[in-house]
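Here is a short briefing on one protein chain. Look at the structure first, then read the points below.

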Amino acid sequence: SQDPITNMCNLSELTEVSGYLLIQQFTKAGNPSNLADLAKLNRAGRLTVITCPQFLSVEFPELTAVDGSLNVRNNRLVSSILMPKLNNVGGELLMFNRNHRLQTIRLSDQASSFTLSHATNANVDIQNNGDSVRSALTMDFNKITSVSKSFTFSNNSNSGVSNFDNIFSGLTTIGGNMVITSNASL
């Protein structure tokens with residue numbers, strides 16, 4: 001295959017990746033700016049979308065489960081991260097970090113529930129999102145109820161990040177450290 005990859009249309013029927021799905025370094029002019037061709041994906045063993053500076057969105061409309069960790073990080077132009085049907089992440093880490101132009105992130109808003117199912121070591125790390133955009137960042141993590149290890153919510157410096165209870169209304173239990181710091185409007 002040649003670089004730049006201009007589309008991923010041959011993946012448009014893909015519904016499951018039982019191993020690791022890594023989408024990384026889409027940095028060439030002509031690379032896709034979104035993951036629309038993966039719209040039917042409903043399960044992944046592990047999922048990472050990292051350092052794709054031309055991506056404008058990271059959306060998995062049918063994704064219901066990630067058996068391992070889920071990491072969306074360092075995508076500087078991404079304005080939306082949407083995983084409306086996600087109901088389970090089984091790995092040690094749920095991370096949304098350094099998506100500087102983020103305006104909307106919704107996790108599990110259409111799912112009946114959401115579980116971080118790693119029994120002893122599930123961590124949530126949400127940092128440095130929406131700090132380079134004037135629009136108000138809307139965050140919805142309301143279906144997260146329990147984190148078995150550590151929870152970090154830091155440097156999400158955006159006027160829309162002003163009420164923690166509206167972002168994490170279901171959160172009742174954290175089994176490790178909880179760090180909430182440097183969210184300028186919170």
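Buried means under 20% relative accessible area, exposed means over 50%, and partly exposed lies in between. Glutamate 62 has a relative accessible area of 34%, so this residue counts as partly exposed. Keep in mind that the model is predicted.

**Overall build**

- The protein chain has 16 strands and one helix.
- The C-alpha trace spans about 45 × 35 × 25 Å along its principal axes.
- A compact globule of 186 residues would have a radius of gyration near 16 Å, and the protein chain agrees, with 16 Å.
- Of the 186 residues in the protein chain, 46% are buried.
- The accessible surface comes to about 8,400 Å². Carbon and sulfur atoms account for 43% of that surface.
- Take the contacts between residues at least 6 apart in sequence: 66% of them join residues at least 24 apart.

- Strand β11 covers residues 123-127. Is this strand mostly covered or mostly open? The strand is mostly covered, as five of its five residues are buried.
- In a regular strand, side chains alternate between the two faces of the sheet.
- In β11, Asn123, Asp125 and Gln127 point one way. Val124 and Ile126 point the other way. All of these residues are buried.
- Strand β8 (residues 93-97) runs parallel to β11, and five bridges join the two. Methionine 95 has aspartate 125 as its bridge partner in β11.
- β11 also pairs with β14 in the parallel sense, over four bridges. Here valine 124 has phenylalanine 151 as its bridge partner in β14.

**Salt bridges**

- How many salt bridges does a search of the whole structure find? The search finds four.
- Lysine 40 and glutamate 13 meet through their side chains, with 2.9 Å from N to O. This pair links distant parts of the chain, 27 residues apart. Lysine 40 sits in the loop between β1 and β2 (43-50), and glutamate 13 in the segment before β1.
- Lysine 40 is partly exposed, because its relative accessible area is 40%. Glutamate 13 has 56%, so this residue counts as exposed.
- Aspartate 67 and arginine 43 form another salt bridge, at 2.7 Å from N to O. Aspartate 67 lies in the loop between β4 (65-66) and β5 (70-73), while arginine 43 lies in strand β2, so the pair ties together parts 24 residues apart in sequence.
- Both of these residues count as partly exposed: aspartate 67 is at 37% relative accessibility, and arginine 43 is at 30%.
- Lysine 85 forms a salt bridge with glutamate 62, and their closest N and O atoms are 3.0 Å apart. The pair links distant parts of the chain, 23 residues apart. Lysine 85 is in the loop between β6 (80-83) and β7 (88-89), and glutamate 62 is in the loop between β3 (57-59) and β4.
- Lysine 85 counts as partly exposed, at 28% relative accessibility. Glutamate 62 is partly exposed too, at 34%.

**Positive phi angles**

- Most residues other than glycine have a negative phi.
- Asparagine 155 has a positive phi, near 55°. This residue lies in the loop between β14 (151-154) and α1 (164-167). Its relative accessible area is 26%, so asparagine 155 is partly exposed.
- Serine 182 also has a positive phi near 55°. Where is serine 182 found? Serine 182 is in the segment after β16. At 45% relative accessibility, serine 182 is partly exposed.

**A nonpolar surface patch**

- Which residues make a nonpolar surface patch of about 250 Å²? They are Met178, Ile180 and Leu186.
- Isoleucine 180 lies in strand β16 (residues 178-181). This residue is partly exposed, because its relative accessible area is 36%.

**Leucine 22**

- Leucine 22 is found in strand β1 (residues 16-24). At 39% relative accessibility, leucine 22 counts as partly exposed.
- Set aside its neighbours within four places in sequence, and leucine 22 is in contact with Thr48 and Ile50.
- Leucine 22 and asparagine 71 are 49 residues apart along the chain, and their C-alpha atoms are separated by 9.6 Å.

Key: Residues are numbered from 1 along each chain as its sequence is written. This is a predicted model: local features need pLDDT of at least 70, side-chain atom pairs count only at pLDDT 80 or more; totals for chains, interfaces and linings use all residues. Side-chain values use heavy atoms; hydrogens and water are left out. Patches are made of residues with over 30% relative accessible area and no salt bridge: like charges are joined within 9 Å, nonpolar side chains (Val, Leu, Ile, Met, Phe, Trp, Tyr) within 5 Å. Accessible areas come from the Shrake-Rupley method with a 1.4 Å probe; for residues, only the protein chains shown count as cover. Buried means under 20% relative accessible area, exposed over 50%, partly exposed in between (1.4 Å probe, protein chains only). The radius of gyration is taken over C-alpha atoms; the globule rule is 2.2 Å times the number of residues to the power 0.38. Contact means heavy atoms within 4.5 Å. Two strands pair if DSSP finds at least two bridges between them.
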